[in-house]
Amino acid sequence: MTLLLPTPDAPLKIGTRGSPLALAQAHETRDRLAAAFGLAPEVFEIVVIKTSGDDAALIAADRPLKEIGNKGLFTKEIEEALLAGRIDIAVHSMKDMPVAQPEGLVLDCNLPREDVRDGFVSETVRRIAELPPGAVVGTSSLRRRAQLLHRRPDLKVVEFRGNVQTRLKKLSEGVASCTFLAMAGLNRLGRSDVPATPIEPDDMLPAIAQGAIGIERRGNDARVAEMLEAIHDAVTGQRLAAERALLAALDGSCETPIAGLAEIEGTTLRLRGQVLRPDGSAAISDERSCAVADGAAMGREMAAHLLKEAGPGFFAWRG
Ligand SMILES: NCc1[nH]cc(CCC(=O)O)c1CC(=O)O
């Protein structure tokens, strides 16, 4: 059976959030699909969907996301549109995706991964070590906060949220001396003007799935499944399988400071993982290697090891 390709009259609908980064990722997906099938961009329609996470009233800028309850905050409305058939695929940052999808939806297509590193962003200093004692750091990420405080307990961390543009504005207003942004986001936005220094994973292990884009579809949509197969990056998929297995076995939510990174060289997959106490007073790390196909199993084994080392109560907030 030949694949029924989209046409200008019956376009394939690509659902996305409306932030500049989300739109850049949706356009990259459209361009890759168009190139893979020799189609004009017009046969794809980008449908912007507002999510609860984009609701300024709900998301008061100084309220930690974990207090609002972030499960599916940025994905619920998009997944509803996908299930209802208002869109055909949804483009996501894999870093923001829960480890399991709602019944009827499948998340098994990945674009080639971007830079996985965090960027240290400051207009005054070039690296964390140069920050003066007691300097103010802006981040809303529990992981980055704990990793920083682990290294530099003297630093003061303030809540820093919003899209890349908002955070940079806060920085130039002097709300904090530095912030952290994923290099992937800056690269995808073409923001080489931003004063960001990449931090090597040995110094700050990135979030699980950082830099990766995932494309979600209805499980019963064979036509879309076949189209997505043409743009799926298998190596990115194998890396994410190991990282997300680690995350799933540790804690499926993003309310605990967890970092992880899988890399593949030849037939070997190397996985690094880290869990931290939220206040940065303790960190436990592990590193293992295995055959590429065994990444998910190794991720689960690493999770069991880290949890055993951590002991009960490790993730509890301490006053
Ligand atoms: N949680 C927000 C988010 N989700 C994905 C990215 C960046 C792009 C990526 O990691 O793929 C960001 C912003 C950031 O951490 O700087």
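Mentor: Start where two helices touch. In H8, Gln-238, Ala-241, Ala-242, Glu-243, Ala-245, Leu-246, Ala-249 and Leu-250 meet a set of residues in H9. On the H9 side these are Gly-295, Ala-296, Met-298, Gly-299, Arg-300, Met-302, Ala-303, Ala-304, Leu-306 and Leu-307. Contact means that the C-beta atoms, placed from the backbone, lie within 7 Å.

Trainee: How many nonpolar, polar and charged residues are in the contact of H8 with H9?
Mentor: There are 13 nonpolar, three polar and two charged residues. Ala, Val, Leu, Ile, Met, Phe, Trp, Tyr, Cys and Pro count as nonpolar, Asp, Glu, Lys and Arg as charged, and the others, Gly among them, as polar.

Trainee: Before we go on, what kind of model is this?
Mentor: It is a predicted model, where local features need pLDDT of at least 70, side-chain atom pairs count only at pLDDT 80 or more, and totals for chains, interfaces and linings use all residues. Residues are numbered from 1 along each chain as its sequence is written.

Trainee: Back to the pair. At what angle do H8 and H9 pack?
Mentor: About 30°, with the axes 7 Å apart. H8 covers residues 234–250 and H9 covers residues 295–310. Helices here are DSSP runs of H or I with at least four residues, strands are E runs of at least two, and both are numbered from the N terminus. Axes are lines fitted to C-alpha atoms, for helices over the stretch in contact, and angles run from 0 to 180 degrees between N-to-C directions.

Trainee: What do we call that arrangement of H8 and H9?
Mentor: H8 and H9 are therefore roughly parallel to each other. That label is for angles under 35 degrees.

Trainee: Which residues touch the most other members of the largest nonpolar core?
Mentor: Ala-242 and Leu-246, out of 73 residues in that core. H8 gives the most to this core, with seven residues. A nonpolar core is a set of buried Ala, Val, Leu, Ile, Met, Phe, Trp, Tyr and Cys residues joined through C-beta atoms within 7 Å. Buried means 20 or more other C-beta atoms within 10 Å of a residue's own, exposed means 12 or fewer, and partly exposed is in between.

Trainee: What does Ala-242 contact?
Mentor: Leave aside neighbours within four places in sequence. Then Ala-242 is in contact with Ala-262, Leu-269, Leu-271, Gly-295, Ala-296, Met-298 and Gly-299.

Trainee: And Ala-296, is that buried or exposed?
Mentor: Ala-296 counts as buried, because it has 20 C-beta neighbours inside 10 Å. It sits in helix H9. Beyond four places in sequence, Ala-296 touches Ala-241, Ala-242 and Ala-245.

Trainee: New topic. Where is Ala-209?
Mentor: Ala-209 is in the loop between strand E9 (196–199) and strand E10 (213–218). Its phi is near 70°, a positive value in a residue other than glycine. Most residues other than glycine have a negative phi. Ala-209 counts as buried, with 27 C-beta neighbours inside 10 Å.

Trainee: What about Asp-88, buried or exposed?
Mentor: Buried, with 22 other C-beta atoms within 10 Å. Asp-88 lies in the loop between helix H3 (76–83) and strand E3 (89–93). Not counting residues up to four places away in sequence, Asp-88 touches Leu-12, Lys-13 and Val-224.

Trainee: Last two. Where are Thr-7 and Ala-135?
Mentor: Thr-7 lies in the segment before strand E1 (12–16). Thr-7 counts as exposed, with 12 C-beta neighbours inside 10 Å. Ala-135 is in the loop between strand E5 (118–121) and strand E6 (136–138). Ala-135 is partly exposed, with 18 other C-beta atoms within 10 Å.

Methods: Angles under 35 degrees count as roughly parallel, over 145 as roughly antiparallel, 65 to 115 as roughly perpendicular and the rest as oblique.
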